[in-house]
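I set out these entries to record what I looked up, one topic at a time.

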Amino acid sequence: MLQNSFRNWKFAGVSGSINFIFNPLLAFALGFLFLRDTPALWIGFIMLMVTPCTDWYLLFTGIARGNVSLSASILPMNLILQLALLPLYLFIFAGTIASIDSSLLVESVILVLFIPFILSLVSKVVLPKAKGEYWLEEKVFPKLDHVQFSFLNLAIISMFASQGEYLVQNPLILLKLITPVLLFFVIVFIVGQIVGRYLRFSYQDTASLNLTTLARNSPIVLAIALTAFPEEPLIALALVIGPLIELPVLGIISHTLLWIRKGWVCDDETY
């Protein structure tokens with residue numbers, strides 16, 4: 001199924017365009033409107049919104065009865081593009097807000113994104129040879145299905161533990177971020193619905209489009225922020241507060257999609 005999903009270039013192109021063109025521009029505009037008086041929060045907001053999720057969006061896609069295989073098929077594309085584009089986005093957008101140490105930024109991206117990505121590729125080659133071609137699919141992946149939510153909770157707890165004291169000391173920052181974060185999700189959700197219907201995607205594919213363009217990669221980008229901006233705790237704090245708003249929103253959107261599914265007028269053919 002995954003192999004067939006890779007052939008859906010229309011979906012990959014639309015999802016990639018929203019994630020890597022529309023979303024960064026929207027994030028910069030919302031940050032300018034609501035966060036320009038707090039540059040560190042603005043940078044954190046941009047970092048969060050330009051990095052699409054590479055894991056927990058699949059969980060919400062399953063809840064919404066979307067096309068999980070299709071969503072999973074673009075995971076490598078999202079990972080590679082954010083690996084290449086995050087430094088560029090920060091120079092283009094955040095570089096107009098504050099000075100950025102380019103060497104430290106590139107080093108943090110390599111440590112947090114590039115090295116784990118290379119190790120995952122190596123494991124895909126080495127493990128099948130050592131354990132058998134289908135060892136991962138038959139022995140490992142089925143067990144991981146039952147612990148996805150536990151890993152999700154663990155990631156969130158770790159994020160809050162790292163910045164919990166600073167968050168308690170600055171509770172008003174949460175209120176400052178709520179409006180731009182919520183507006184981002186509402187606008188991107190509406191855009192996904194309009195584009196999906198315009199291109200006559202099935203409900204499953206449109207739900208996948210919504211969740212692949214809404215969910216953000218906050219744990220990864222938080223690790224990059226802590227490495228690249230150690231003297232700017234507000235940047236990391238924005239990336240901790242983001243999922244505090246994001247996860248309930250994704251849950252609401254997943255159930256909203258199920259409600260939309262009941263009245264979907266298109267057939268189930270995947271274009």
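**Entry 1: cover of helix H3.** I began with what lies over the buried residues of H3, and found that the cover includes helix H2 (9-34), helix H6 (75-92), helix H10 (172-198), helix H12 (218-228) and helix H13 (233-262). The model is a predicted one, in which local features need pLDDT of at least 70 and side-chain atom pairs count only at pLDDT 80 or more, while totals for chains, interfaces and linings use all residues. Residues are numbered from 1 along each chain as its sequence is written, and side-chain values use heavy atoms, with hydrogens and water left out. I took helices as DSSP runs of H or I of at least four residues, numbered from the N terminus. For burial I used relative accessible area: under 20% is buried, over 50% exposed, and in between partly exposed (1.4 Å probe, protein chains only). In H3 (residues 39-49), 10 of the 11 residues are buried, so the helix is largely enclosed by the rest of the structure. Among them I noted Trp42, Phe45 and Met49.

**Entry 2: salt bridge.** I looked for salt bridges (a side-chain nitrogen of Lys or Arg within 4 Å of a carboxyl oxygen of Asp or Glu) and found 1 in the structure. It joins the side chains of Asp37 and Lys176, at 3.2 Å from N to O. The pair links distant parts of the chain, 139 residues apart: Asp37 is in the loop between H2 and H3, and Lys176 is in helix H10. Asp37 is exposed, with a relative accessible area of 56%, whereas Lys176 is partly exposed at 27%.

**Entry 3: H2 against H11.** I then examined the packing of H2 on helix H11 (residues 203-214), where the angle is about 30° and the axes are 10 Å apart. This makes H2 roughly parallel to H11, a term for angles under 35 degrees. The axes are lines fitted to C-alpha atoms over the stretch in contact, and angles run from 0 to 180 degrees between N-to-C directions. I listed the residues in contact (heavy atoms within 4.5 Å): Phe11, Val14, Ser15, Ile18, Asn19 and Asn23 in H2 meet Asp205, Ser208, Leu209, Thr212 and Thr213 in H11.

**Entry 4: Phe20.** Last, I checked Phe20, which is found in helix H2 and is buried at 8% relative accessibility. Beyond its neighbours within four places in sequence, Phe20 is in contact with Val50, Pro52, Asn78, Leu81, Gln82, Leu85 and Tyr89. Phe20 and Tyr89 are 69 residues apart in sequence, and their C-alpha atoms are 9.4 Å apart in space.

Terms used:
Helix = DSSP H or I, 4+ residues; strand = E, 2+ residues; numbered from the N terminus. Parallel < 35°, antiparallel > 145°, perpendicular 65-115°, else oblique.
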